[in-house]
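Trainee: Could you take me slowly through one part of this structure, the salt bridges, and show me where the partners sit?

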Amino acid sequence: MAEGTTPRTTSSADDAYLQRRTLRRGSAGWLLLTGLGVAYVVSGDFAGWNTGLAKGGFGGLAIATLLMGVMYACLVFALAELSAILPTAGGGYGFARRALGTWGGFLTGTAILIEYILAPAAISIFIGDYVESLNLFGLESGWPVYLACFVIFIGIHLWGVGEALRFSLVVTAIAVAALLIFVVGAFTDFSAGGLDNIAVDTDAFASSSWLPFGLLGIWAAFPFGMWFFLGVEGVPLAAEEAKDPVRSMPKALAISMGVLAVLAVLTFFAATGASGSDALKDAGNPLVVALEGSGDPTPLSRFVNYAGLAGLVASFFSLIYAGSRQLFALSRAGYLPRFLSLTSRRKSPYLGLLIPGALGFALAAGTGNGARMLNIAVFGATISYALMALSHIVLRRREPELPRPYRTPGGIVTSSVAFVLALSALVATFLVDKDAAYIALGVYAVALAYFAFYSRHHLVAKAPEEEFAALAAAEAELERK
């Protein structure tokens, strides 16, 4: 649906409706927002990325990580501009709603929800595995640990956004400090000879010791290169709870992306150089393997192992936050059942936290397949990236005079790069896990059917993102007259 097209029917929502659906404004400055951006991602430095070595080798994963880093950097710059234009909890949905109409808004918001509901479910499983491997309190990985994760951390979110973001910042700082300590320790055993020690597939096109699986291996490693950055795009979802979001949001996005890029380079080279790529490619805990090799645990490896749990907690905690805010915005505007956006006296979207939490727990306990759920999350993420980048391009072309307190360096060239790379990453997910991609498409199809047959006829005109789009439609109508 083109910009300016209004839903067939909209509700006559009054002030009472919105008063029951308000967040606590001014709770987060640029430092808490930066911490949130890093928290989304930091667990990916501890594990997951190394599986890309089995897909592309050191050279293939290095190139994939570089390209995905470029994609995220370009996307972050585009989102910085969009979030300064429309600082609401809708994030990507709000941007796409203005640029691409109601269908575009719903497609984008649903893709983001897939990412932010599935990823915490997967991470709860990984937390359980860590708890068991560390022999914490004699617990084994299973549903009691998953349930404890959701109950404890959702409880903190229900307490209040300020408290939640401060908790997230502290845990994230511990994880980042541990990564830097790991890097120092691992670089003492660095050997360039181990970087390209994976056996070469001589049948692969253009294969070599640096590209053991050929050029196609670079593409297959895209989803794993994303692990160093996956989730940073969620910072704009905190816009309604931020202090001076027009200024703090671009600043937080830029700084968090810079921190993540540095951590990605240091972690990648330190880990592979310390133990060799072949030893890491199938490791469930690559940083510990990099420090221990085939030897016994060391004080440093034990410390990094515990810090890995902190990284998982930071990402789990922040992703719950992001999913609840996207669900809140879509529900408040009527795209999803409206009761999901009700907020408590502490201004927390309690149903938007509890219902996705219950769903995430059920998925974790019922499947136990964290890798599959993360692959589904990556599929949803790549769709949302392409649509958000496209939204930036459309708004720049269609509304060049729209006030932009922050402007993306490079303009539509920057967002076009993000768009092309996002589509490439989307296709790459089929090379990694076709079943996950098809499951995500099935979920998408069910959501779209709900929107097509019901919710698009019952949208809330007074929701901030809808009002923003309606204003654009009115201005366009005046220009035509």
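Mentor: Let us begin with a term: a residue is called buried when its relative accessible area is under 20%, exposed when that area is over 50%, and partly exposed in between. Keep in mind that this is a predicted model.

Arg325 belongs to helix α13 (residues 299–332), whereas Glu241 lies in the loop between α9 (222–225) and α10 (245–275), so the pair ties together parts that are 84 residues apart in sequence. Both Arg325 and Glu241 are buried.

Another salt bridge joins the side chains of Asp433 and Arg372, again with an N to O value, here 2.7 Å. This pair, too, links distant parts of the chain, since Asp433 is found in the loop between α16 (412–432) and α17 (434–453) and Arg372 in helix α15 (residues 370–398), 61 residues apart. Asp433 counts as buried because its relative accessibility is 11%, while Arg372, with a relative accessible area of 25%, is partly exposed.

The side chains of Asp278 and Lys281 also meet in a salt bridge, at 2.6 Å from N to O. Here Asp278 has 34% relative accessibility and therefore counts as partly exposed, whereas Lys281, at 19%, counts as buried.

Finally, salt bridges can join into a group, as with Glu81, Arg396 and Arg404, which are linked in a network.

Methods: Residues are numbered from 1 along each chain as its sequence is written. This is a predicted model: local features need pLDDT of at least 70, side-chain atom pairs count only at pLDDT 80 or more; totals for chains, interfaces and linings use all residues. Side-chain values use heavy atoms; hydrogens and water are left out. Helices (H or I, at least four residues) and strands (E, at least two) are DSSP runs, numbered from the N terminus. Buried means under 20% relative accessible area, exposed over 50%, partly exposed in between (1.4 Å probe, protein chains only). A salt bridge is a side-chain nitrogen of Lys or Arg within 4 Å of a carboxyl oxygen of Asp or Glu.
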